Amino acid sequence: MIFQTLTGTIFLTTLGLLCSPTAYAATTVIPSNSFSSYSTFESYWAYLYPWGSDHNGSARMKGSSSDHSNIVVASNTLSLIATPTSNLSPPTSSADPHPAIHYASGAIHAKSQITVTSANGYTISGEFSASTAKGTWPAFWLTAVNGWPPEADIGEWKGTANNWYNTFNTSSVVRSDLVSWPTDLSFHSLKAVLTAESNNADVKIQFYMDNTLRATQYGQGFVGKPMWLIINLQMEGSSGSPGPTGTTTYKIRNVEVTRTGS
Ligand SMILES: *[C@@H]1O[C@H](CO)[C@@H](O)[C@H](O)[C@H]1NC(C)=O
Ligand SMILES: *[C@@H]1O[C@H](CO)[C@@H](O)[C@H](O)[C@H]1NC(C)=O
């Protein structure tokens, strides 16, 4: 009898562990070494924005597996490099509000889309050396695959010594929390933890800098909506103008994306 009871106890304990793996499971979507070589980089990331080379500033993104003048991977670090140019055609951005193109620069996006559901969240982190100079507009952000919003900005520097954490519920309903950012180009870490709220519609986003929680924001109806993760060095636009007459380099390392839950 004692033997049977012990066996039953062990069986129930094993069953319990098998039935509740969600509390422990975490799946690596992008490992921290994705900038270790171009072949590793290209298995997790694609060149440019998901929609092409142009967006809301004066930089046109340029790069491919055979053109690494503005998108460079070396020493486990991604460098996005903006250089002044006057000869890119067409001369204005194809994206609203169609600013004149003054720079060639770099953007990349994760091949895996980020979709928070009631069963799984995400932790997205990295280390950043970001310019805060007027006219430089680096970012590390999530934006809707279909329509817009959702958008959540984990890193967005707009030409002053601040990082902006933003979550857009609509194009005009946005929550922004600013944290001061050193101007010396030293690396600092940013992290966003995304989880579904109990209403199964809204997403809670906890934003960290250097492992300290700095802001908590809520995205209305973000559950189930796929998002792109983008890293780009845009120029001018919201960060002021004129931008620098020399080269600007935005460096990123140890980017990691983990899906938590099932
Ligand atoms: C412009 O792009 C940045 C990211 O680079 C984004 O945070 C911002 O919401 C965009 N602004 C507009 C008006 O589209
Ligand atoms: C966005 O919606 C969420 C969920 O309803 C709400 O908690 C949050 O305050 C809203 N943000 C803004 C800026 O209104």
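A word on the ground rules. The model is predicted, so local features need pLDDT of at least 70 and side-chain atom pairs need pLDDT 80 or more, while totals for chains, interfaces and linings use all residues. Residues are numbered from 1 along each chain as written, chains are lettered from A and ligands numbered from 1 in written order, and side-chain values use heavy atoms, without hydrogens or water.

Start with the chain. It has 262 residues, and 45% of them count as buried, meaning under 20% relative accessible area with a 1.4 Å probe, protein chains only. Its C-alpha trace spans about 85 × 40 × 35 Å along the principal axes.

Now contacts, meaning heavy atoms within 4.5 Å. Take those with a separation of 6 or more: 65% of them join residues 24 or more positions apart.

On to ligand 2. Which residues surround ligand 2? They are N169, V173, V174, R175, D202, Y218 and Q220, each with a heavy atom within 4 Å. The protein covers 59% of the 360 Å² of accessible area that ligand 2 has on its own, by the Shrake-Rupley method with a 1.4 Å probe.

Two side chains deserve a look. An N or O atom of the N169 side chain sits 2.4 Å from an oxygen atom of ligand 2. For the Q220 side chain, an N or O atom is 3.3 Å from a ligand 2 oxygen.

Methods: A polar contact is a pair of N or O atoms within 3.5 Å; within protein, one must be able to donate a hydrogen and the other to accept it, and residues adjacent in sequence count only if both atoms are side-chain atoms. Buried means under 20% relative accessible area, exposed over 50%, partly exposed in between (1.4 Å probe, protein chains only).
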